[in-house]
Amino acid sequence: MEEYFVCPECGSDDVEVIKERGRELTLKCNECGNVWHVTLPKFVKVPLIVSKHERSFKSEVELPEGEEIRVGDIVETEDDEVRITGIELEGDKRVEKARIGEIKTLWGESLTYPKVIKVSIYLPKGLTQAFKVKVPRDEEFVVGEVLEVGGYTFKVEKIKTERKMLHHGKAKADEIVAIMGHQIPRARAKRSLEIYRGYAKESK
């Protein structure tokens, strides 16, 4: 894990290590000549269960001992970015935050994998057609826009995010759980959404 240092005096990042003893470093700023000492944190390997929709994978992440981590924080593994969705202590106790060193297992959601959103389209006679679609996490959805999925054109009337239900405004796919709206036959859709077929078909 590469360390990045900034001079506390002048803010320059032109810094060199002039002495190293274990985790004790002596640093010198090449801009202003300031010399200071730092102790690098001890990194601990924490088991991490990463979910990619209906599949979960065992991984691990190296984190500085004693630092606090919360649900919602983003950590980096060797090949993924993961948002923490659960923290488990000994005795299977789930908490919202904890210090590294006390944690038995972290649970998280891969951020490099597309987001899967549920789409409910209200049809005549009280019928509902439901789909799961996969979209890039930074794609935005707006209440009032017209979309197409699976041959159905519909107008977005509600967007359910992880925190609330939107009746107007917009949200990024990363925080959307579901999109709902009435079918509008023969309308021109702004864009077409790709149906999610399940993890097994995605990974081929």
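Two strands pair if DSSP finds at least two bridges between them. Strands (E, at least two residues) are DSSP runs, numbered from the N terminus. The model shown is a predicted one, in which local features need pLDDT of at least 70 and side-chain atom pairs count only at pLDDT 80 or more, while totals for chains, interfaces and linings use all residues. Residues are numbered from 1 along each chain as its sequence is written, and side-chain values use heavy atoms, with hydrogens and water left out.

**View A. Strand E15 and its partners, E16 and E20**. Let's begin with E15, which covers residues 146-149. E15 pairs with E16 (residues 152-161) in the antiparallel sense, over 4 bridges. Look for Val149, which stands opposite Tyr152 in E16. The hairpin of these strands has 2 residues between them, and Gly150 takes a positive phi near 60 degrees there. E15 also runs parallel to E20 (residues 191-192), joined by 2 bridges. In that pairing, Glu148 is found opposite Ser192.

**View B. The side chains of E15**. Which residues of E15 point one way, and which the other way? Val146 and Glu148 point one way, whereas Leu147 and Val149 point the other way. Every one of these residues is buried, a word that stands for under 20% relative accessible area; exposed is over 50%, and partly exposed lies in between (1.4 Å probe, protein chains only).

**View C. Strand E13 between E12 and E21**. Which residue in E13 is the bridge partner of Tyr122? The partner is Thr128. E12 (residues 115-122) and E13 run antiparallel and are joined by 8 bridges. Their hairpin has 5 residues between the strands, and Lys125 in the turn has a positive phi of about 65 degrees. E13 is also joined to E21 (residues 194-195) by 2 bridges, again in an antiparallel arrangement. Here Val133 has Ile195 as its bridge partner.

View D. Side chains of opposite charge can pair when their charged atoms come close. A salt bridge is a side-chain nitrogen of Lys or Arg within 4 Å of a carboxyl oxygen of Asp or Glu, and by this rule the count comes to 18. Arg137 is buried, at a relative accessible area of 11%. Glu139 is partly exposed, with a relative accessible area of 22%. Salt bridges that share partners join Arg83, Glu109, Lys115, Arg137, Glu162 and Asp174 into one network.

**View E. The salt bridge of Arg94 and Glu88**. The closest N and O atoms of this pair are 3.6 Å apart.
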